[in-house]
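Biologist: I'd like to learn how to read aromatic contacts in a model. Can we go through them together?

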Amino acid sequence: MAISDVREYMHLSEDEVEQLGRELDAIRAEVEESRGAADAAYINRLIRVQRSLAVAGRLTLILGTQHRRTRVPAAVLGGGLLALHKILENMEIGHNVMHGQWDWMNDPEIHSSTWEWDTAQPAEQWKHSHNYVHHQFTNVLGFDNDIGYGILRMAREQRWSPYNLGQPVYNALLASLFEWGVALHDLDIERIRKGEKDPVEMRRQLRQILRKGRNQALKDYLVYPALSGRRWRTTLVANAAANLTRNLWSYVIIFCGHFPDGAEHFTEEEIDEETRAEWYLRQILGAANFEGGPLLHVLSGNLGFQIEHHLFPDLPSNRYAAISVKVRELCAKYDIPYTTGPLHRQYGQALRTIVKLSVPNGWTSPDRPEPPSPVRDRGRRSDDERPARMKELGVWSRGRSREAKAS
């Protein structure tokens, strides 16, 4: 069921919602005031570890594959080290740096305006499609392009077509090629297909994607294999395996954050004149956490605390575990669902939804007792049709001139 009025759905008064907002603002202020040397040491240490893994992986593949006895072990070890390097860089470092979580350090290298990550999507396009569109309009049908990534039908309110019968196949392809699917995400293929995309902007974005994708492919599939000499094939396969591992891991983590049972969808009516406190409430209802130890959380970019990340996307990720304790207490106080569970269960529920929604609604029953909202053709909105962004969601370079004119 897509919610059109979160406050009414939760049976909360306007005063209760606003009080919840004030208490969440107080958590934000407390973390902002206490950021310091320990947080800076955390991200600097993590970057050193990630870069050491990259160097160790490359050297292992270049040197270790030269001898027959060590070729296979070196390929496995080198590919594994590279996979860890890419996962750390994409999840806990790149994703969070580009959210502006470490901008307060005023370090020109570890800053949202300068970081370019080790994946095919240009940072500028990621910051628009993710920081602004997804985080501002989390799970809002017609506004949040992350609902199915333009490939999958992920809500019963979305109109079914025979194309959706192939969802299990599309899902497997999206997971395996996630880096490249994300690279095309900000293009908004649906608007291009409908002829609604500005052709000048489309060509500019395509040039960015082709340049970034070319550099990624050259690095992983030409330059480093060439450095391995006669064993270039072994290095190429190991590099491909590292990228595949990173793709599958990133896909699973991201899908666990918004598509398990309990992660709600919303209609555009909900965001009409939405207050900051109501935005907070929608973030809690639209996200889902998963449980695990410290290593799992670091490797997932601390997105096991997806609810906390959506409430405070620009606060340091190493603080989310402590923040989650306070958010749980607030959810209990206001009788708000706090969706969490083991990683395998959260992904299993998301996968079940993908399969069920590959067929018409009448062929399956809803996962919850509430009847689904009427099916509507909720086409993608353009930036001009979306409300202004919240300041903590960050900026993207092509948006600065628009924002300057509006101010």
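Biologist: Which residue lies over the face of Phe266?

Modeller: A charge sits over a ring if NZ of Lys or CZ of Arg is within 6 Å of the ring centre and within 35 degrees of the ring normal. Here that residue is Arg282, at 5.9 Å from the ring centre of Phe266. Arg58 lies over the face of Tyr224 too, at 3.9 Å from the ring centre. Keep in mind that this is a predicted model, where local features need pLDDT of at least 70, side-chain atom pairs count only at pLDDT 80 or more, and totals for chains, interfaces and linings use all residues. Residues are numbered from 1 along each chain as its sequence is written, and side-chain values use heavy atoms, with hydrogens and water left out.

Biologist: How many aromatic pairs does a search of the whole structure find?

Modeller: Rings of Phe, Tyr and Trp (its six-membered ring) pair if their centres lie within 6.5 Å; planes under 30 degrees apart are stacked, over 60 edge-to-face, the rest tilted. The search turns up 14 pairs. One of them is Tyr132 with Phe137, edge-to-face at 5.6 Å centre to centre and 80° between the planes.

Biologist: Are Tyr132 and Phe137 buried or exposed?

Modeller: Both are buried (under 20% relative accessible area; exposed is over 50%, partly exposed in between, with a 1.4 Å probe and protein chains only).

Biologist: Why is the pair of Tyr149 and Phe178 edge-to-face?

Modeller: Because their planes are at 70°, with the ring centres 5.7 Å apart. Tyr149 is buried at 11% relative accessibility, and Phe178 is buried at 4%. Ring pairs also link these two with Tyr251, Phe255, Phe259 and Tyr347 into a cluster.
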